[in-house]
Structures are given as C-alpha cells and as structure tokens.
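Biologist: Please take a close look at one part of this model, the helix packing. Then go on to how the strands pair.

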Amino acid sequence: MNCKTLEWKNKELILIDQTKLPTEVEFVTLNTLQGVFDSIKDMIVRGAPAIGVTAAYGVAIAANNIAIDTVEEFKTELLKQCEYLETARPTAVNLSWAIHEMEKVVASYMGDSVEELKKQLEEAAIDIHNSDIAINKAIGENLLSLLNDNDTVLTHCNAGALATSEYGTALSPFYLAKEKGMTLKVYADETRPRQQGARLTAFELFNAGVDVTLITDNMAAEVMKEGKINAVIVGCDRIASNGDTANKIGTLGVAILANYFNIPVYIAAPTPTIDMAIATGADIPIEERDGEEITIINGDYVAPKGVKTYNPAFDVTPSELITAIVTEKGIVRAPFKEGLKQLFENK
C-alpha cells in the first residue's frame with residue numbers, strides 16, 4: 001500500500017481518512033488540537049499505534065497554537081490541552097502513553113524560551129513516529145519466526161499499515177514475507193460493526209499483492225474446522241500486566257474458537273500498548289460507541305429504528321487463551337506476568 005497513514009509536513013499533520021476507505025482515498029490536514037481530537041474520536045485515524053503517534057503530533061500542534069510567551073504559563077495551558085486530548089478515546093493505551101511522553105518533555109524543560117520548548121516538542125513527536133516504524137518492523141520479524149512458508153493466518157480487525165506508521169503490527173509479517181519471497185495467505189474477518197477487516201485489512205493487503213480472502217465474522221469457525229488456518233494473529237489496544245488483552249470486539253470469540261481447534265493465537269503488541277499499571281483485563285476501560293453503528297449501514301437502517309443496542313468497541317481475551325504475545329523486544333509466553341515484567345526490566 002503506497003498511501004501513508006500519517007505524515008508530518010510544515011508543522012501540519014496529514015491523515016488518510018479511513019472512514020472513506022475503500023471506495024475513496026482522501027486526506028485531511030490538521031493544524032488545530034480540536035481537529036486532532038475529532039479525527040481520533042471519529043475514527044478518521046484508528047489503530048492504537050497510529051492513535052498514539054497522532055496524539056503526539058496533536059500536542060505539538062497545540063503547542064504551536066498557544067500564543068503565550070511566559071514558559072510557566074505556556075506549560076500550564078498546554079498541559080490543560082493535553083488532558084482534553086486524552087479523553088478522545090478511552091481504551092487504546094497508546095493515546096495516553098504518547099501524551100504522557102510529551103508531558104515529560106514539558107516537565108523537564110528548564111529554559112526560558114517558549115519557542116525552544118515548542119521545537120523540542122515537535123522533535124519528540126517525530127521521535128515517537130520514527131520509533132513506531134522501527135517497532136512495527138521488529139514485531140513483524142518476530143512474528144515471521146513463528147510461521148512457515150505457505151501458512152495461512154486468520155486476522156481480525158485491522159492492525160496493518162493503516163493502523164500504524166508503517167508495516168503494521170499484526171499485518172507486518174505479511175509485508176515482510178513479500179520482501180523476503182516467502183508465501184503467506186490471509187483470511188480476514190470483516191469485523192462488524194465498523195467493518196475494518198473488510199474496508200481496511202482487505203483493502204491494504206489486496207493492494208499490496210498479498211493473497212487475502214475476506215470472510216464474514218461468523219465464518220471463522222467453519223474455516224478453522226476445515227483446517228484452513230495455521231495461526232491467528234491480531235493486534236491489541238491494551239494489554240494488562242497478566243497478559244489479558246483488549247482488542248476489537250469479536251477477538252475473544254476468535255480466540256475461543258482457535259483454542260477449540262488447537263490453533264495458536266498470537267498477539268502483536270508494541271510495548272507501549274502493554275499497561276503494567278493494571279492487574280487484569282477487568283481493569284481495562286471499554287469504549288461503548290453509538291448504537292447506530294449497528295443499525296445503519298451505508299446510510300440505511302438494517303434494523304428497526306429505535307431498537308435497543310449494545311455496542312462495545314472492544315472485548316478482552318483472557319491470557320489463558322493466548323499462545324504468545326509478540327513484541328518488538330521479543331516473544332513472551334506464559335506465565336505472562338513474569339515475561340512482560342522482564343521486557344521492561346531489560347531495557
């Protein structure tokens with residue numbers, strides 16, 4: 001896929017509008033904090049790593065728009081805006097992680113030049129962006145070590161190039177396999193209700209020349225039963241310290257099915273997505289979205305108008321259903337609590 005998910009240019013953030021894919025490829029240019037907030041909340045940008053990078057640039061944009069010359073007053077106003085940006089979406093920990101990284105730059109600055117601090121914030125956001133690219137590639141290499149030539153992988157939602165800065169997390173091994181001349185096939189769940197698998201995963205893999213087959217969510221059990229799937233790889237929005245993993249709604253069902261059919265389940269996890277401050281998945285806040293995402297498709301009601309809905313955007317897969325958590329620093333297997341802790345101790 002040749003379209004960049006996000007690009008920083010002339011102190012503005014350019015995003016591909018993922019709400020228009022796959023029928024239209026359009027870009028939005030952001031130069032206000034509110035624009036960044038709305039793009040995250042309305043899912044113009046989505047995927048935990050991409051949200052994190054966007055948030056970092058959002059802080060830099062907010063800083064550039066604050067017309068205050070006194071450093072301490074500038075810091076106070078910027079931190080207030082950071083607090084607002086953090087409320088855009090609650091589940092993906094990368095959002096708060098990136099903002100907190102930017103807040104560290106603010107806290108550590110001891111100079112007397114607002115312009116110098118603004119420059120440091122922009123440089124920090126660019127570093128977070130470049131780090132995400134390196135992380136994605138490393139995750140792909142580690143995932144590729146778990147796969148064999150001609151394997152077929154099932155994935156759910158989108159954790160590809162569109163969800164990150166480049167390569168993706170769960171989809172990175174497929175791009176790397178093409179670079180290395182290795183053959184991998186992919187089955188992509190459509191991922192209701194937002195259909196990220198159909199609109200985004202199928203779009204980017206198809207355009208990259210990867211052998212991808214799109215299925216509806218309720219076909220996963222059948223393709224597993226038919227022996228067509230060698231592994232499940234999904235991304236994540238937050239991982240608790242015990243390995244419980246929050247990802248797009250439907251991931252739990254896929255993991256239960258995979259365990260029944262003895263298929264390994266791999267979580268592609270950048271370390272910023274791992275939240276060692278929470279004990280279990282029960283502590284992960286789950287975003288609930290507007291019910292019209294379920295009842296309306298392409299502007300038309302597919303259910304009775306006014307019917308009650310329940311629309312959690314994520315579910316939590318317990319660690320006992322997970323074969324391995326694959327990070328840029330290595331592959332972690334059970335017991336996850338000890339393994340994840342070691343990741344952060346071995347910096």
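Modeller: Helix 1 (residues 33-41) packs on helix 3 (residues 71-85) at an angle of about 20°, and their axes are 10 Å apart. This is a predicted model, where local features need pLDDT of at least 70, side-chain atom pairs count only at pLDDT 80 or more, and totals for chains, interfaces and linings use all residues. Residues are numbered from 1 along each chain as its sequence is written, and side-chain values use heavy atoms, with hydrogens and water left out.

Some terms. Helices (H or I, at least four residues) and strands (E, at least two) are DSSP runs, numbered from the N terminus. Axes are lines fitted to C-alpha atoms, for helices over the stretch in contact, and angles run from 0 to 180 degrees between N-to-C directions.

Helix 1 and helix 3 are therefore roughly parallel to each other (under 35 degrees; over 145 is roughly antiparallel, 65 to 115 roughly perpendicular, the rest oblique). Leu33, Gln34, Val36, Phe37 and Ile40 in helix 1 touch Gln81, Tyr84 and Leu85 in helix 3 (contact means heavy atoms within 4.5 Å). By class, the residues of this contact are 6 nonpolar, 2 polar and no charged. Here Ala, Val, Leu, Ile, Met, Phe, Trp, Tyr, Cys and Pro count as nonpolar, Asp, Glu, Lys and Arg as charged, and the others, Gly among them, as polar.

Helix 3 also meets helix 5 (residues 114-144): the axes come within 10 Å and cross at roughly 40°. Val71, Phe74, Lys75 and Leu78 in helix 3 face Val114, Leu117, Lys118 and Leu121 in helix 5. The residues of that contact divide into 6 nonpolar, no polar and 2 charged.

An open sheet of 3 strands has the order 1-2-3, with antiparallel pairing (two strands pair if DSSP finds at least two bridges between them). Strand 1 (6-9) and strand 3 (27-30) are at the edges with a single partner strand each, so one side of each has no neighbour in the sheet. Neighbouring strands of this sheet are turned by 20° against each other on average, direction ignored. Strand 2 (residues 12-16) and strand 3 share 4 bridges. Ile16 stands opposite Phe27 in strand 3.

Further along, strand 8 (residues 238-240) pairs antiparallel with strand 9 (residues 245-248) over 2 bridges. Arg238 has Ala246 in strand 9 as its bridge partner. These strands form a hairpin with 4 residues between them, and Gly243 in the turn has a positive phi of about 100°. Strand 9 is also joined to strand 14 (residues 314-317), antiparallel, by 4 bridges. There, Thr245 stands opposite Thr317.
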